Amino acid sequence: MVLAFSIQTALLLGSLAALCTALVMILRTNRAVDRLREASEQLAKGDLATRVDPSGPRRVGTVAEALNRMSLELDMRIQTAISQRNELEAVLASMTEGVVAIDMDEHIIKINTAGAALLDADPVRSLGRSIQEVVRNTALQRFVARTLVSDEPIQTELSLRLHPGSLTNAEERQLQVHGTNLNDAQGHRLGALVVLSDITRLRRLESVRRDFVANVSHELKTPVTAIKGAIETILDGSDHDPDEVRRFMGIIARQSDRMQAIIEDLLTLARLERDTVQQSVEVVPTRLARLLTATAETCQVQAEGKKIRIHVDCPPDLTVPINAALLEHAIVNLLDNAVKYSPVGSNIHANVEVGTDEMAIAIRDEGCGIEPEHLPRIFERFYRTDRARSRALGGTGLGLAIVKHVAQMHRGRVSVESAPGKGSTFRIHLPTARAIVKSA
Ligand code: ADP
């Protein structure tokens, strides 16, 4: 009886112990599963730094380790993707070409800063909007539509009118546009990639060059025709009296001088342009008063012929870093014009005005003056207010263009104040030593 009782008790105690162990196991498993659940929730929220303690029941521990490995791997991949995206953004942002990615529905999916600037669009607000909405230019819209159906890269040139309603700010921009397919990694077409380059300056330069060649040809054609006519008349077989021959020879001599003057001015301009590009202009501190007096003397004979007096006014000790030969050439051009376009017995003043950041060499005359509509273009090559008068006075139409170039080579500029019948003041503005030191 006692034995049976003891066996029963032992069995009961054994069952109790097993129950307790099972309970402890269940509790530990529950805690570990809770930890897993919490970690999964953190991961789902994007906290990839979350790690789970793998201690606890073996099976749950294995899951925890797998979860940790997964979050580590995911974290690394996302970091790689982020740094690749940042690199791509940096490349796109630093490109001078505009880049616009467009989906199959013609909505903008990406646009870089240069692209937004070229199209005058907002880089953020353009995203997700259609190209028609963002750029009101039918040529560009048609180009995008063509790119979306084309299997080959295509290109075109188009002009974009910016701020068309504005009177002061309206601008025509010339763009070279390349369009190509935008595909995903599997080669499926996502849309189109459009690359834009601003060629406004290039086209403008080409047009300036074309006009220049046409102008030079025209300017040289006139004397060549006159010379040819004179020679043909002398050689026409008939006997000319010596006076007539001398008259034709005079025409030939004058027209040859004219051609020579044009060619010399053209060569000077070409040399100035080359030196500007190569930045090979030497400047030396020079006494300006001495230079001004020398230029006035150069023009003295011509001035005396018209009884014109040239007055020089310059601080005697003013020394400026200049290229004396070039500046002398420019001032002579201004004095020469002043004499040419002034009446007999008038005065010309060559003054130096000194400011804080800038000084100016001002050549003032009491001549015919210039109509206001000519002033903005007066420094252009071959621009004249009165072509016949300029030619009659032996002008080439290049004098002021040379003056402007010389001023720019000295980091300066030119300006003119003039009114018909009231004379003109042409100025060569140069930075003062103070301004040069400030900008260095
Ligand atoms: P040009 O050889 O014809 O004088 P420039 O380039 O020196 O060529 O000058 C361009 C034009 O500017 C001249 O044809 C003339 O119409 C005008 N001009 C220049 N200087 C003066 C001046 N001092 N007074 C009046 N008109 C001037």
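1. Three elements each give at least two residues to the shell around the ligand: helix H10 (324-340), helix H12 (399-409) and strand E12 (424-431). Helices (H or I, at least four residues) and strands (E, at least two) are DSSP runs, numbered from the N terminus. H10 supplies the largest share, 3 residues.

2. A word on the basis: this is a predicted model, where local features need pLDDT of at least 70 and side-chain atom pairs count only at pLDDT 80 or more, while totals for chains, interfaces and linings use all residues. Residues are numbered from 1 along each chain as its sequence is written, and side-chain values use heavy atoms, with hydrogens and water left out.

3. The ligand is surrounded by 20 residues, each with a heavy atom within 4 Å of it. Asn-337, Thr-385, Ser-390, Thr-396 and Leu-400 are the closest. By type, the shell has 9 nonpolar, 8 polar and 3 charged residues; here Tyr counts as nonpolar, Gly as polar, and Asp, Glu, Lys and Arg as charged.

4. Now for the polar contacts (pairs of N or O atoms within 3.5 Å). A polar side-chain atom of Ser-390 is 2.5 Å from a ligand oxygen. For the side chain of Tyr-341, the distance from an N or O atom to an oxygen of the ligand is 3.1 Å, and for that of Lys-340 it is 3.2 Å. On its own, the ligand has 530 Å² of accessible area (Shrake-Rupley method, 1.4 Å probe), and the protein covers 98% of this.

Terms used. Polar contact = N/O pair within 3.5 Å; in protein donor to acceptor, adjacent residues only side chain to side chain.
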